[in-house]
Amino acid sequence: MSNLKIRMIVSVIGAVIALTSCDQSSEKSSSTQANIEKESTSNLPVIKAVLTQAPNVPPPITRDYVAKVVVNMETQEKVMRLADGVDYMFWTFGGQVPGQFIRIREGDEVEFNLSNSPDSKMPHNIDLHAVTGPGGGAASSFTAPGHTSTFSFKALNPGLYVYHCATAPVGMHIGNGMYGLILVEPKAGLPKVDREYYVMQGDFYTKGKYGEAGLQPFDMEKAIKEQPDYVLFNGSVGALNGDNAITAKVGETVRLFVGNGGPNLVSSFHVIGEIFDKVSVEGGDLVNKNVQTTLVPAGGAAMTEFKVDVPGTFIMVDHSIFRAFNKGALGMLKVNGPEDKIIYSGKQADKVYLPEGSATQSIANPTVAVENEDLTKEQQIALGKNIYENNCLACHQASGEGIPSAFPPVAKSDFLNADHNRAINIVLHGRSGPIKVNGETYDSVMPAIALNNGQVANVLTYVLNSFGNNGGQVTSAQVDKQRSIIPAKIGSH
């Protein structure tokens, strides 16, 4: 071998060694940098996120520093109640609809671990609208049954955000209940309030009509046409009614974290009898004041705050009102405490209106007992019809048939006909909790009605002799006796 060839070989070997050394140095440098970054991240205190099921929310964040927050969430597919007698195969985050509420702080670094139950039939993922990055984490969190996916993100923007599944077909996953809320509190925190609750609307599409019994499958055709059979707060009819109602006391300030999973409808969120003192529009920084109804888009949210000044049952609705009374978008806020007759008096009088100009007959203030023992049954029925139309018609309807799955019928009512004294007590004192009428169960609230003894006797006599009921007559003396037995309050009897 010539000296030239030997020198060339030596040169090549030297170059290879130099390059290898350089690569090793580069790898060492890169590895060192990675370790520094890892050490930097690991220097943050690690906090396991507290996740809550609706209508509850985790406690406010009181720390004034950034943390690494670890979120562990599981997707589950399970049959649950959609309405009384109606079941549905929900796809869920955390086993309920809506999914668990997540609460973090602006600047936090979040490690998200999404597990898909081994019992699942479908892969699932999560798109968090609070995430800055492709798909909101959807691609990074695509998870087969029996697996766990992990990804991380930094919470850059404060606000209230929706999260949902984004696995194809996306609309079906959302339509089956895969959505929830994540709150990124601003660094300074949120103003202190007395109560916080989590309310989330969603529209559901079933093969059967509203209330049709049995296990109902998802109907893709109705979903595409945007024709839901159910529009619900917190995943089922009555989820926020009766014993499940949210509560507060007079004088307290209530904050509602309101979300709309859709997949299709925009919500017109309203609390009957209240005005929102403040609304964080679409869950962001813009604050609107003295708001009656706020729009919550599909895939959006809002924060509402209001002080409750008087007691009673306040009804939460989607003010696209047929959704509330015919499709289930109705919930209740029960407020206890002293009355303030200046802010709200209750009914003060009930007069018979005669437009022809005849003398107007007045029924005295409801707090004053008026005897009507001299009235005939026919006269009671005539007076009672007017009372029914002014106080009862909205819920029980002109026909007395009520509203399916919401308010019971007074027409051909076995419950009403069986016990007149019980009927008197319900009108006097109100009632909450489940009852069975004509074979159907209803779980709603009837507030006490401010009527005097004669008015109660008249309206019940009218109802008993109308709508196919069995007849009968209730007297003022009967009402007065029942009034003296049970103290006037709203409650289960």
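Which residues of the largest nonpolar core touch the most other members?

Reply: This is a predicted model, in which local features need pLDDT of at least 70, side-chain atom pairs count only at pLDDT 80 or more, and totals for chains, interfaces and linings use all residues. Residues are numbered from 1 along each chain as its sequence is written, and side-chain values use heavy atoms, with hydrogens and water left out.

A nonpolar core is a set of buried Ala, Val, Leu, Ile, Met, Phe, Trp, Tyr and Cys residues joined through side-chain atoms within 4.5 Å. Buried means under 20% relative accessible area, exposed over 50%, and partly exposed in between (1.4 Å probe, protein chains only).

The largest nonpolar core has 27 residues, and those touching the most other members are Leu82, Phe101, Leu160, Leu181, Phe204, Tyr230 and Phe257. Two or more residues each come from β2 (68-83), β3 (86-93), β8 (159-164), β9 (179-185), β10 (195-204), β12 (230-233) and β19 (300-307). Strands here (E, at least two residues) are DSSP runs, numbered from the N terminus.

Take Phe101: leaving out residues up to four places away in sequence, Phe101 touches Val50, Leu51, Thr52, Asn56, Val57, Pro58, Leu160, Leu181, Leu183, Tyr198 and Phe257. Contact means heavy atoms within 4.5 Å. A separate core has 26 residues, including Ile246, Val254, Val258 and Ala329.

β19 also runs antiparallel to β16, joined by 3 bridges; two strands pair if DSSP finds at least two bridges between them. Lys278 stands opposite Glu305 in β19. β16 (residues 276-280) also pairs with β17 (residues 287-291), antiparallel over 4 bridges, and Phe276 has Val291 in β17 as its bridge partner.
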